[in-house]
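Q: I would like to learn how to read packed helices, sheets and chain interfaces in a model. Could we work through some cases together?

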Amino acid sequence: MALKTEPFVLNIGPLHPSTHGVFRLLATLDGEVVIDIEPIIGYLHRGIEKLAEEREYQKDIPLCDRLDYVAAMSHSMAYVMAVEKLLGISVPERAEYIRVIMVELQRIASHLLAVGSIANEIGTFFTPFMYMFRERERILDLFDMVCGQRLLYNYMRFGGVSHDLPEEFIPALAKFINQMPGYIDEYDQLLAENEILLVRTKGIGVLPPELAINCSVSGPTLRASGVARDIRRCDPYSIYDRFEFDIPTRTAGDCYDRYRQRIEEMRQSLRIIRQAVEQLPQGKVNSQVPIRVRPPQGDVFVHVEAPRGELGFYLVSDGSEKPYRFHIRAPSLINLTPLREMIIGWKLADAIVIFGSIDIIMGEIDR
Amino acid sequence: MTAAGTISQASALASDWPGNFWLHLLVFALIILAFVILTVIILIWLERRLLGRIQVRPGPNRAGPFGLLQPIADVVKILTKEDTVPGWGDRLVFWLAPLVAFVPVLLVFAVVPFWNGALLADLNIGILYVLAVSSVASVGIFMTGWASGNKYSLIGAMRDIAQLISYEIPMMLSLAAVVLVAGSLSLNEIVAAQDVPYILLQPMGFTIFFIAALAEANRTPFDLVEADSEIVAGFNIEYSGMKFAILYLMEYSEVVFIAAIATSLFLGGWRGPFLPPFLWFVIKMFAVFFVLIWIRGTLPRLRIDQVMAFAWKFLLPLALINLVVTGAQVVFWPQAPYWSLVPINVTLLAALLLLWARFFRLGGSRVGI
Amino acid sequence: MLGFERYGNGIARGMAVTLRNMFRRTITTQYPEERLNVSRRVRGNILGWSSEKCIGCYTCARSCPHGCIEITTSSRGARGPVAAPCNQACPAHVNAARYIRLIREGKPDEAVAVVREKIPFPSVCAYICAHPCESSCTRGQLDEPIAIRMLKRYAVDNDTGLWKQRSRVAPPSGKKIAIVGSGPAGLSAGYYLSKLGGHSVTVFEALPEPGGMMLVGIPAYRLPRHILAADIKEIEQAGVTIETNVQIDAPESLLEQGYNAVLLAVGAHEAIGIGVPGDDEPGVLGGVDFLRQVNLGRRVELGNRVAVIGGGNTAMDSARTAVRLGAGEVTIVYRRTRAEMPASAEEIEDALAEGIKIVFLAAPSGVTSKEGQLLLECLRMKLGPEDSSGRRRPEPIEGSQYTMPLDNIIAAISQRPVVPASFAVDTDKSNRIQVEKETLTTGKKAIFAAGDAVLGPATVIEAIASGRQAAISIDKYLGGSGDIDETLASAEEIADRASGPSEDWRPGVAAIPLGGRLDGFDGVELGWSRESAVFETERCLRCDITYNVEKYRLNGGLCIYCGLCVEYCPFDALYMSYEYEHGWYRFGQRLLEQEQLLVPDKVKPSGYAHPEIEETLPQQTLLIDRD
Amino acid sequence: MTLGLEHYLVLSVVLFSIGFYGALAKRSAVIILMSIEIMLNAANIALVAFSRYVVPGLLTGQVFTIFSIVVGAAEVTVGLAIIIAIYRRRETIDVTKINLMKW
Amino acid sequence: MGLEIAFWVLTIVAVAAALAVVSLHNIFRASLALIMCFLAVAGLFVTLSADFLAAIQVLIYVGAVAVLIILAIMLTREVQRGSFSNRLNVPVLLSTILFLGVAVFAVMATSWPVVTLPLLEATTTALGSELFGEGGFILPVEIAALLLLAAIIGAITLVREE
Amino acid sequence: MEVGRERIYSAAELDAHEGALIEALRASSQQPVTDPDEWLQKELQRNVLVTSVDAVLNWSRRSSLWPVICFPACCAFEFIGASASRFDMSRFGMDILRGSPRQADLLITAGTLTWKMAPQVRRLYDQMAEPKWVIAMGACGITGGIFRDSYSVVPGYNRIVPVDVYVPGCPPRPEALLNGIEMLRQKINARSISTEGE
Amino acid sequence: MQALSFDEIAGLISAKYAPEMVAPSQGSLVVGGEHLLEVASYLRGTPELDFDYLISVTAVDYRGHFEIVYHLTSLQHSHSLVLKVRCPQDKPVMPSVVSLWRGADLQEREVFDLMGVSFAGHPNLKRLFLWDGFKGYPLRKDYSSGT
């Protein structure tokens, strides 16, 4: 339909099946072509930053879980690391390894969801999504085993983790990491060379690296554009400097690359977990830190590589038991910056796919 | 005065039936209605169960044995639901649209032979009738989209119209090839002429017809009309209650309709050994259903411009070539034995598909704003 | 743009995958087998509460991130008292929980009596005790432990001598006991043997004044001398004779002089060197040696730049003393990080406040002297894996040497006892006298040993406990009952408590200002006012008394199952079991407040803190597949 | 009264008149186009009716109708294209406001 | 009998639909009425034993022309404006009535040479041989095809974007 | 609260309109909406005919609860988890997830509701055709949960829409959600058309 | 491609700008509000500094003045820097750095929405999370929701 017609405004969301939550996109369409968009967010703005400033440090851990509810482990870990930096305490070895295992598992779970959603937005009738959820459920089972929760774990603590792994965990995890590559191959068989998926994603929504850097895009979205920035490598935190893993990058920066990027990162995460399980030492999992803490005055910025990108916590302490300022550098929000450039000129259906391939979580955007 | 024209022909064909013409009409109309609705119900059940199996889960199994009553529960529930009419939009058209969309699909079955001669009216323009009547359904869909006063439904309707107009042409051309081979427009005669199923004689025709039929029935990968992830529910977004039930019925009736046409034209219709002809017809239809559901469980969706490009750049040339080749075969080699034509045509299909796939590109780059 | 590059074989592969999956077994409601094998649930979605264990301390309600636990206790305790953690942790078993309550009731003299029941040095302990009670305080898991030492100090500062009224004095037994060393162990043993055993006790001290390490190891700014003198005076009043400037060479000679038993409590007064090349250079001092010189009033010349090696209390004392002696630039070099430092936190705070720099993760590797100036060569360290003590072992980083120009180095790494060879007792490799653990008897008849001489460098309260132990042992050896307990405080009624403990943090400890502090050796820390003390007592959880919980309610609609309450409950009264949550209908507003999610009085093994009492909870099978 | 040629002719005339009225009296170009289609249909009815009643053996009238339909389709195509082109340029398809062709 | 009933019903529908096309305010409904009119005309073709034509009528007029018109309506936002008459409303109405009267009179007054010959059974075959057979309309068919092609190309050229 | 069709021309007007809507709803929604189905406990007087009709109707309604998409936050993932293969909500005939509220029967409030979102949810609920049900899923859906004190969070969906079943948890496990749905099915079973529409 | 330490960066900056414009303090550079854009473009444009990636922009309410905190990093050199800019509470206006780093776009809007600091030169400065008509700026310390 190449006919140029009168543009009209289409309101996508906030309750739309593929907005990943309550995102609203005011799209101006010309026929099917998107000629202008305005993202409207805030439908899930729960005021987490304010709530966190009104609560004591340890009570903010559940809040951090609820930031990005698909990657709760990563977020609580980043927060806990920030407070540990403020307090100047160190973490036992075993706790560090457990954290890494948990965070990388969380990354796989999160990427599974992201890739599944991309497939859904391209229009498969939930099949890849269901397959990915099948494996995601296994990861959730592992988390359930450790934390007794499936989604929001509240597992990280200042100076370690809440409690040790149950003894059944490691065999189950080993089984999972042995089986997971086979499942990833199955996804590739189902999707990676599917012609329809190729024509729907290749060359669509290209994000050039210069724009990505200028817009402070981070995470898989940035790496799919060819910029090898991964906090795990460029500013190693925790014990990531002890593992061998690659930072996969892709070059085109289109939807297909963003999808493949996540698949590759899953494989790398499996590699990290495998090493971490092999090296997992015995010992304490928590250095005995009081529940209520009063960090000394000062500010601290800690950033980690969350599944969606560079997650930062900026904490200001005034010496009381509540953070004076609690700011989250939410990767999802900032990854939205180049959305307009990426979407404009594409069809409505492409817009949905492009939007999905950035992989946002509203809880983190709106906070 | 006796009924003239086509109607008289129909009654003449049906004269071996018990009762007079009107009774035949009535009985057959009821049979068709029952057949369509029953098949749709089973189809819905089958689709949900099979999709479940594809997604390694059981699918609906609580209502009735194996969940067989699930579609009935759905229907009863939908029918007793409040019938909402959007505050804006066109109320009259909103009311009419489901009927306009559904009735043509039902009308198509008038010429579908369930058995040798077992059809409501064996029109001598059978295939033309099918194409003509089914194209009316698109008007109904457009009416739903427009009357809802909702932009999503309008987009869905626009997509449907574009898709239908585009895919009608390759479909028509592929059917024309069948007509050339069979030498008749009447479906019953075409079935009768199929000593081997035309899927073997017309592999290219079948491929094109099948793809076009997927598009006509708005099935994956051409289900843009109600693309969940883009335009929520498409043209029926504002419908609820009875009217939604009719639209829902219409969608699945279209599937039944394309399965019935594919069965009649390419799969040998009611012909088959051992089993009663009607059963053969149903079995072949369900084989088509299975493939449709399987495709739905696997494939992503194309984009609207790609759908159009696919029709115009891929299917249409192939359909034309197919028509020319078939015409040549019919004219220059009318007495060709099947065992020689089948391999020739299959080879031709493979060669053409590979060749065309090399040159063919789905368009759709970014539009400069 | 792109076309069908692969002629549809990608689609065909995808179709093959779905077809294959079509014939797979459905995974619905199949839990992976790992799940079924989990022996214990760590956290689940049903919160249970045990009235057996709950003492009504309100910790759970306060740890809840958004207040969905409501708890009401009655004002009177239901059970108790039992031994509180602080009581158990004290080597001398001073009942801290009890005197804290007495202070709250405004009876500091009774509180002193409670302390006096176990130790003869209440004032000394009130000033410088290493307070293991605070380390084990339940409140410490929450935020900060109760400032038990400061409360004790408030009590002794406001003592009226009430304890003397109930004081018991045993009849003379006629036995003579000699004690070598007038440190905390020796004086404690002497006090109890004299007062409650009726023996005649003589304490021999080699230094000119009694007090041992309390005198020479602890700077006067921490323990003012008149406080020590007062406590020693009480001991002397109890009948103990102290002879100073007497060096005992052989315990047997005392036995020959007519003493029935001899207690060796010589302490640990020898500093251990750094153990690197050049640690015998002039200007390198031992920590205790340095402190002893200063505390005995002798002049010690220090340069401007002083480094103190070590991270213990001795190192802090040395550094702070050095500051007071006029050293401008004092640096503490420690090879681990602050988290691993053995010195007490407030000492470190004070040291930092007084301008002392602490260099972490650095270890000396050599000392050289150049033109009257010392060069301390240090190696950067990093923390490696944990060792047996649970601390992370420092590992040197190769090639990270650096040097510090210094005037003096004080090696405050550790001490060891000086046991003359003439004692002829068995010692181990760090020179500690080998004794039998229970009776503190050495290999020789009638010769006992106690205090740092046995324990190695330890705390005052440990030495006192050791002295008590020695007193019991000696009394028994001499035919006594070994009963050295006495009841000095009046019997206690269980105190009321209207609400939970206060949520506040410790009140600040007043100290003389920094400016005036560094000029001399006046006591730095000032005692608490009554208000501060009472304020602090309000924070006590009263672990020894179980209060009656009248209402314990969880707002099920609000709970987010974060498990913080369970985790933070000091008494394991809460547990979470593995079940899914139940929904409920609402009829009006009533059911929103339903306590459906709480399972009171049903003690299920939680597995949370007690892995040993585990038992697999029944698996919830809600869904039965009908296919 | 048996059905005769006149019936169809009169129907044709009536439809033609309606189309005629619409084509002349309406402002909207689309409606005008639709009216023209009605007129074409009216003519087709007349053609088929003549074919049916005047030369039943020959189908010349129907052949002409086919051509008429083809021409009608072509006319609609071009007409709508013009309408859209005008609309795009002038934002209206009100023929009374389109004086482009006026001299 | 059935034929007459069919005729009258279809006539009424066709005329009513045609009237609706010119009189309805809502253009979308007018286009729907046009489809109704086309369908009725197709039915009239059936009563005239022109079943192939009827199918063609439905296929082309309903399936293509009407849909195209609706698309055009959507693309030009004509729905929001509505259908109005122009200034010539009354004169055109009068002249239309005049024309109607004259034409009806002419039709009724003329004596048509009606022949009653048996009808052809299958018009499709006959139509085919009429069009493409010996002495048929093969040239006009080609010309018509050319015309359509020209029209399509012309239309595409007209609406193509720059 | 069907929103009238107003002509809005600029983005600023749109924002202002939305803001006014939110403030109006906020002012009017400080009290929980009562549940319309309070008759549930009462033993109803029904005649035989109505009972059998009820049986069929209720069977069909409870066997085919089509949820509408309303995925504000965390609970959405457990809801999706419940509909994914592992828990397979579709067994209860709930596999048709309607994007359009018109055809849906069940609103599962999967996530925190903010005031900015509240008009949308209210509108969604209003657009659903009767009979319709609401399950408040998760602590946020019931009371606002951990975000209850926030300036922008609605303390519970029952301020906006009447809620039938509450499923606590944060988020509730899929089993819990299925249990809640089972309760809703029981509740539906107790309905009667003779009292409908009152 | 040499990563510079903070002191080296601070040295470079102090060599170029007067101390009242830029002053290093506790691991961060404190920049005067009116000089922000100048300093920022120097940081962005100088090849040996090349701060091309803006990690985060946020603001802290210090009861009396706001402090806007910029976390910058350089992908080339992998060194990073914290910029702090103060602005008084009674006149909370800052120059926007969107022209230098587009990544600041949404973050500055966020700061405007929640903290009430407006950014001069921002292309689309309006509320991001909260709705039109919301009263107050919730992240300010003096904000109370009243509920």
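Q: In which hand of crossing does α1(D) pass α2(E)?

A: This is a predicted model, and what follows should be read with that in mind. In it, α1(D) passes α2(E) in a left-handed crossing. The residues that make this contact are Y8(D), L11(D) and L15(D) on α1(D), together with C37(E), V41(E), L44(E) and T47(E) on α2(E). By class, the residues in the contact of α1(D) with α2(E) comprise six nonpolar, one polar and no charged.

Q: At roughly what angle do the axes of helix α1 of chain D and helix α2 of chain E cross?

A: Two packed helices are described by the angle between their axes and by the distance between those axes. Here helix α1 (residues 5–25) of chain D and helix α2 (residues 27–47) of chain E have axes that cross at roughly 165 degrees and come within 13 Å. Because of that angle, α1(D) is roughly antiparallel to α2(E).

Q: Which residues make the contact between α16(C) and α17(C)?

A: The contact is formed by N313(C), M316(C), D317(C) and R320(C) from α16(C), and by E347(C), I348(C), D350(C) and A351(C) from α17(C). In the contact of α16(C) with α17(C), three residues are nonpolar, one is polar and four are charged. The crossing of α16(C) past α17(C) is left-handed.

Q: What is the strand order in the open sheet that contains β1, β2 and β3 of chain A?

A: The order is β1-β2-β3 (chain A), and the pairing in this open sheet of three strands is antiparallel. Strands β1 (8–12) and β3 (33–40) of chain A stand at the edges with a single partner strand each, so one side of each has no neighbour in the sheet. From one strand to the next, the twist averages 25 degrees. Five bridges pair β1(A) with strand β2 (residues 24–30) of chain A in the antiparallel sense, and I12(A) stands opposite L25(A) in β2(A).

Q: Which helices lie across strands of this sheet?

A: One of them is helix α14 (residues 348–358) of chain A, which lies across β1, β2 and β3 of chain A and runs at about 35 degrees to β1(A). Another comes from chain B: helix α6 (residues 151–182) lies across β1 and β2 of chain A, at about 110 degrees to β1(A).

Q: How much area is buried between chain D and chain E?

A: The size of an interface is often given as the accessible area lost when the parts come together. Between chain D and chain E that area is about 6900 Å², with carbon and sulfur atoms giving 78% of it. On the side of chain D, Y21(D), M34(D) and I69(D) lose the most area to chain E, together 9% of what that side buries. In residues, 71 of chain D are in contact with 82 of chain E.

Q: What share of the area buried between chain B and chain F do carbon and sulfur atoms give?

A: Carbon and sulfur atoms give 53% of the area buried between chain B and chain F, which is about 2800 Å². Of the area that chain B buries against chain F, K77(B), K81(B) and W88(B) supply 23%, more than any other three residues.

Key:
Residues are numbered from 1 along each chain as its sequence is written. Chains are lettered from A and ligands numbered from 1 in the order in which they are written. This is a predicted model: local features need pLDDT of at least 70, side-chain atom pairs count only at pLDDT 80 or more; totals for chains, interfaces and linings use all residues. Side-chain values use heavy atoms; hydrogens and water are left out. Axes are lines fitted to C-alpha atoms, for helices over the stretch in contact, and angles run from 0 to 180 degrees between N-to-C directions. Helices (H or I, at least four residues) and strands (E, at least two) are DSSP runs, numbered from the N terminus. Angles under 35 degrees count as roughly parallel, over 145 as roughly antiparallel, 65 to 115 as roughly perpendicular and the rest as oblique. A crossing is left-handed if the near helix is turned anticlockwise from the far one by less than a right angle, and right-handed if clockwise. Contact means heavy atoms within 4.5 Å. Ala, Val, Leu, Ile, Met, Phe, Trp, Tyr, Cys and Pro count as nonpolar, Asp, Glu, Lys and Arg as charged, and the others, Gly among them, as polar. Buried area is the accessible area (1.4 Å probe) that two parts lose on being put together, summed over both. Two strands pair if DSSP finds at least two bridges between them.
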